[in-house]
Structure formats: C-alpha cells, structure tokens
Amino acid sequence: MEQFAIKWGSWVTRNRVLTLTLSLMLAVAAASGVQFLGFTNDYRVFFSGDDPHLLAFENLQSTYTKNDNVLFVIAPEDGKVFTQDTLAAISDLTDRAWETPFSIRVDSLSNYQHTEAQGDNLIVADLYEDADSLSDADLARIQDIAVNEPFLVHRLISADARVAAINITVETPGIDEATEGPQVAEHVREMRSYVEQTYPNLKVYLTGIMMMNQAFPEASLFDMTHLLPAAFAIILFLVFLQLRGLSGTVTTFIAIALSIVSAMGMAGWMGIKLTPPSMSAPTIILTLAVADCVHVLANWLQKYRSGMDKTASMTESLRINFSPVLLTSLTTAIGFLSLNFSDAPPFGDLGNIAAMGVLFAWFYAMTLLPALVTLLPASNKKGRAYGGEIMNTFSGWVIRRRGMLMPVVSLMIVGLVLSIPKNQLNDVFVNYFDERIEFRTDTDFVVDNLTGMYFIDYSLNAGESGAISEPRYLGQVQQFTDWLRQQPEVIHVNTVTDVFKRINKSMHGGDPSWYALPEQREMAAQYLLLYEMSLPYGLDLNNQIDIDKQRTRLSATLKTLSTTNTLAFEDRASTWLQQNTPEIHTTGASPTIMFSHIGMRNIISMLGGTAFALVAISLLLILAFSSVRYGLLTLIPNIAPAAMAFGLWGIVDAEIGLGLSVVTAMTLGIVVDDTIHFMSKYLRARRAQGLEAIKAVGYAFSTVGIALWITSVALAAGFLVLSTSSFALNAEMGLLVAIVIMFALIVDFLLLPVLLIRFDQWLIGAARKNSEIETTTQSV
C-alpha cells in the first residue's frame, strides 16, 4: 500500500492540472443530479411500507374518509366566541374553507347540523344563520347548545367559549407531494391574512396534520439557511487556526463544498427524497470532510516548513496519510451505511448520503486538494505551525501519569456506563419542532386552549352488514366511549353513539331523559336513515360509518403525551376492550400510535446496525494493523465513547427519542478515526523505526496529536451547530454525537496510549512467534 501511495502522490503532484480537471469533471457529473432532488413533506415517510402500524392506519383510512386536516383556530381578543361579529366571521371563514385545495369536508359551529323534531319529522339544520341578526337570547341559546354538545366541545369550541375552530379535512391525490401540501398551506395562510385584515379582533392559529407536514420542509429550509453557513464559518476558522495559511483554508473550503454537492447530486441520481433527517447530511459531510483535509495539509505544512520542496512535501504527506485517511473514510462510511438497518427510512437516506459524502471527501482530499494547494502560493516560514512542543509536553505527562490514568479513566467509563439504564425511550412527536417553527407555537396554543393534536382511531366491527344499529353493539360502543371519557389522557371522543342519542332526544321533544340509545334495531336504523337523508353535501357520516354499515370509527383525542404514556394508554385501552367488550375488540391506529411504536422498534433494529458496523470495522482494523490483538484492543476506544455519552445522557436528560436511537451505530465509524490515526503513527514507530512502546507513543503524539485535537474540536463544533437545529431529531442527534466525539478524544489521549504501553508484551507476543507480523506493511 505504501508503494501505491508514493506513486499516487508523485502522479498527482506531477499532473496537477490534469488531476484538477478530472476531479472537477467528476464533481460536475455527480452534482448534476441535484436537479432530480425532491422534498417529501408527508410524515408517513418516517415509516417503511411494511410497517404494521402504518398499514393498520392506511386500512382504517381506506374504510372511512381520510382525516388529514387543517385546524383553523380563532381566538377573539375579548374572549367571547358567541357574539354577532365572531359568529359572522366563522360563517364567512367556513364558506372560504371549502375553497381550500383538496378539501372534502369542513366542520365548524356555523354548519354544525343541529337536530330538532317537528311532529314526526326530524329537522336537521345549521346551528345558526345570519349571525348579524341574532339577538342576545339567540346567542345565549346557541352557546348553551354548543358547549353542551359532546361533538363540539373540546373539538370546535372550548368549554369556556373563548376559542373556536374550523376543521378542514383534506384528501390530497398524492400525485405531486411537493406541491399538494404547500398549496393547502398557502391557501389557509391566505385565509389567515384575510382574517387579520377583515377581523382585526381575531387571532388565528393553524395546526393539524397538513400543517405538521408543511413544518418539515420549513424546518429544513430554516436549518439550511442558518446552520450550514454557521458550520462553514466555525470549521473554516478552526482550520485557519490550525494551518495558519489562506491557501490551505481556501482549498479545504473547495474540497468540502465539492464533497457536499457531489453527495447531494448522487442522492438525486439515486432518487432519494429529502426529509428533515437527510437534510442534515450537508452539515454532517462538511464536518467530517474537514478531517481528511486537515491531516493531509498538516503533514504537508510540517514538511514544507521544515525545508522540503512544496511538491515533495505533498508527496510525502500523501504517502503518510493515504492509508489511514482511506481507512478512516471507509470506517466512517460503514458507520453511516449501518443506518440502513433503521426502521425509519429517512435515517437510511441520511446514512447513504453521508457515506457518499465521506468517500467523495476522501477522493478530493487525495486529488483536488494536493493538486490545488501546490499550485497556490503558500508561506514556508519555519516555526509557524503545529505546537509540537505542546504535544511533546502532554505526551510526557501522559506517560509519567499512566499508572494513575488507567484506573481513573477506567472508573469514569464504568461509572458512566452504569448510568445507561437510567435512559428511557420517550418521544413527543409534536415537539419535534422548536418554537422557531410556527406550527409548534400555534399547536401549543391550541393544545392549551382547545383540543389536542394526538388522536387514536378505533374501527369497531359490528360483525355483519347493517349491524351498527343493533342495540347490543351500540351499547358496547357506548361503554367504551364512557370509559375513554373517564381517562385523564382523553380530551374528546367522537363517536356515532352521540348521534343516535341526540336524534332519540330530538324525536322525543328534546326531553333530556331520552338522551339515550334506541332500544330497538329498527328504530335506530330509521333514525340513522332520517338523519343521513337530511345532511347537506359534504357533511355525511362517511367519516364515521363504513359503506356497509358494519363498522364505525371512534376517535379519541388525547393530550400531548410522551411515547411511554401513549403506549401505556394504548395497552390499557386494548386490555379494557378485551375484558369488557371482546366482541368489538380492536387495536387503535393513528400517527400517534405509529410514532410511539417506531422509537422502540428502531432501537431494536439499530442494535443490528451497530453489530454490523462493529464487526465490519473491527475486521478492517485487524486487516489494516495485521494483528488480531491490536484490532481487539481498539474495541475499547471505539465502543467506550458512545457508552459514556449515553451514560451521561442518562444522568442529564434520561430520555431517548427517535433521533438518538441511531447515534451509536453512526458514531462508531466516526470515533474510530482518532484511533486509526494514532495507532497508525504508533505502529509506524514501533515496527518501522523499532522504537519501544513509550517512545512510540511519544512519536504518535508529536506527529498526529495536534491534528487529532483540531479535527476533534472541528467535528464537535460542527455537530454542536447541528444541535441548534429547529428539528428536534437533528438537534438531539447533533448534541449527543458532539459529546461522543469529545469522549473519544479523551479516551484516545488518556487511555489508549496507556493501554498500548501496559499491554505491549501481549500485543507483540504474536509478532515474536510469527515473523510475518514483523515484516508487515509499514504504511498502516
């Protein structure tokens, strides 16, 4: 490998213009795929096509009408919904809501179908008309009906009558996801602007599934316009401090930029659709690519400023770094590729894009970077780089204190590892967005003042066509409804039994004592027929009753719950159905259930991903170091950092969400980079130069210590920038990865050298028995 590296370096430095041309041609070819990139804003992208809970939810939606929605919430400044002006505004907005693209239903106070009986006739009509002509008595009557109607309260009107809502049900055709959702969002935002201009006393809040979908690309756009420039600025500043030269910094910027656009272009060629997790790939690639550049340029400057020719210095740097940089790139790519084990496809896409970016970064660091930097002017003033004295002093301290460092660092690792069990799987998917995203602040207001964002649907089977009018079946549905309404997590229950009770009461002169389910199947069927025939277009019961009248949908709206609490509620509800109404027992289905289950499944699947990455990386290291024992020793500094980070997380936060479930596998490929660079220099000194273990450790520190320090700080800084993302999955992932990287630096600087010295005899034992080990390649 060393001979190949020498030839490679010589060819690149002799054919700089040709190398630049070929590199740029590759970059242009790869980057041209950017034109095919698209963004999907459907929350369903977080679930694979065979996800059982997604399939259950889609089956439920195919049985009834879909319930993707926009909840248009209005809050009068005076805190009174039931005034002429506010009710008139609701009527106006209800009419305009029907113009929303792809809308199939609009529910509001103004078109709520109130029932009354006149003789033997059932009168079904809007709750009110001509709001401007309503008297105080009319307003009081309408308010009394609304706040006491289970269908409305905590859904379209708050119990204190201070906030009201218009619910727009949307069914997009799914032909062009990139435009359909934004069309809906644009229309309702235009409605909001209209309200602000026409009804200045009303404040509007927008939430619902469609607005959540729209929040995904908006969060990604926010991150791209804020985080990527910040990451570039911070990392290039650190590079400049390390290299202390403009040419090296500029070439690093170009190499990083080409790595990003090449990887994103390849994603376009592969047909990958961007999502918030995969949109963090440019920041991650930027962060990782800098390490390759720094290692190449650091050794080049060291040789150049010691008196060697510029091109000869680069040839020597490529000889030294070709193998370790290739190895670190491969191990990092393996770590990211292991994200394909994730049950959430966006993390697989992130892994694939990042892996491509890492490999492009290696290629440009080996071609474009050395060709370009040797063409540009550069200072060769001696003594301007490195801080070798600092590393010599530090390595001396580590060697002298090794007897203390081993137990101290080991105890720190063990102590943090013991805290890992404190972590609990807990996610709140509404909180995936922080307060900088409008959807989050609007949803928080709606949850606090009107209704919840979480819901669970139950499709309750009566057993045969038309049997939903069977009193026994309706009684069981009512039992479940009553139980749900007693649960502290439940805000609202929408059930067809309320319709039957309301009609029965109306058909008996509005007598409250008749607010009960009909006792005969025929009567219940007649009531339902009368009611359905009286409903206007678009307000039928297809959202609650299937076409065969065999099943009904019961929807329970919940408070904002954590994953743990949601799963506990789901289990409690299933157990209650099984024990009390086994004939209609079913499982709940909804995005709430889907997101609650995927976190746990993803942790299980990523255990496989972590095992894959660990085995693949370990085999690579064993082959690279030509030693099983050295390869096994590296497991300690490779596994310990992630374990320590999760232990610290258990002490500080103790909640692990979807974003953190992929960190171990992902960081395994990153943290091994420091180990590889340190070990490569140590083994070069040990095998090629014949230095004893202590001096070999000193050599490793002096040649690569500063570079490892700078690259680790740059990596941590890049991921800390990602931790400021407006999308919580990216933010948490960025923070924990930054912690892992710094723990990796601590372990590689304070424990790995001590282990190499302490177990030197065991490590070289095989070499003494096998002369082939002694003649192993010196280019590791």
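Which backbone oxygen lies 2.7 Å from a polar atom of the side chain of threonine 287? I looked it up, and the backbone oxygen belongs to threonine 283. I count this as a polar contact (N or O atoms within 3.5 Å; within protein, one must be able to donate a hydrogen and the other to accept it, and residues adjacent in sequence count only if both atoms are side-chain atoms).

Ground rules before I go on. This is a predicted model, where local features need pLDDT of at least 70 and side-chain atom pairs count only at pLDDT 80 or more, while totals for chains, interfaces and linings use all residues. Residues are numbered from 1 along each chain as its sequence is written, and side-chain values use heavy atoms, with hydrogens and water left out.

**Threonine 287**

I find threonine 287 in helix 9 (residues 281–304); helices here are DSSP runs of H or I with at least four residues, strands are E runs of at least two, and both are numbered from the N terminus. Threonine 287 counts as buried because its relative accessible area is 0% (buried is under 20%, exposed over 50%, partly exposed in between, with a 1.4 Å probe and protein chains only). Leaving aside neighbours within four places in sequence, I list Ile235, Ala714, Leu715, Gly718 and Phe719 as its contacts (heavy atoms within 4.5 Å). Glycine 718 is 431 residues from threonine 287 in sequence, yet their C-alpha atoms are 5.2 Å apart.

**Serine 596**

Next I checked serine 596, which sits in helix 20 (residues 591–625). Buried or exposed? Serine 596 is buried, because its relative accessibility is 4%. Not counting residues up to four places away in sequence, serine 596 touches Thr563, Thr566 and Leu567.

**Cavities**

I get 9 cavities of 30 Å³ or more. A cavity is a set of points on a 1 Å grid over the protein atoms alone where a 1.4 Å probe fits but cannot get out, and lining residues have an atom within 4 Å of a point. Points are joined across faces, edges and corners, and a volume is the space filled by probe spheres set on them.

The largest cavity comes out at about 530 Å³. It has 30 lining residues, with Asn69, Arg155, Asn167, Phe455 and Thr557 closest to its centre. Elements giving two or more residues to this lining include strand 2 (69–76), helix 15 (438–449) and strand 12 (551–558).

**Largest pocket**

A pocket is an open set with protein on both sides within 12 Å along at least five of seven lines. The largest pocket has about 430 Å³ of space. Of its 19 lining residues, I note Ile603, Leu607, Thr610, Phe646 and Thr664 as nearest the centre. Its lining has 13 nonpolar and 6 polar residues, with no charged ones.

Technical notes: Ala, Val, Leu, Ile, Met, Phe, Trp, Tyr, Cys and Pro count as nonpolar, Asp, Glu, Lys and Arg as charged, and the others, Gly among them, as polar.
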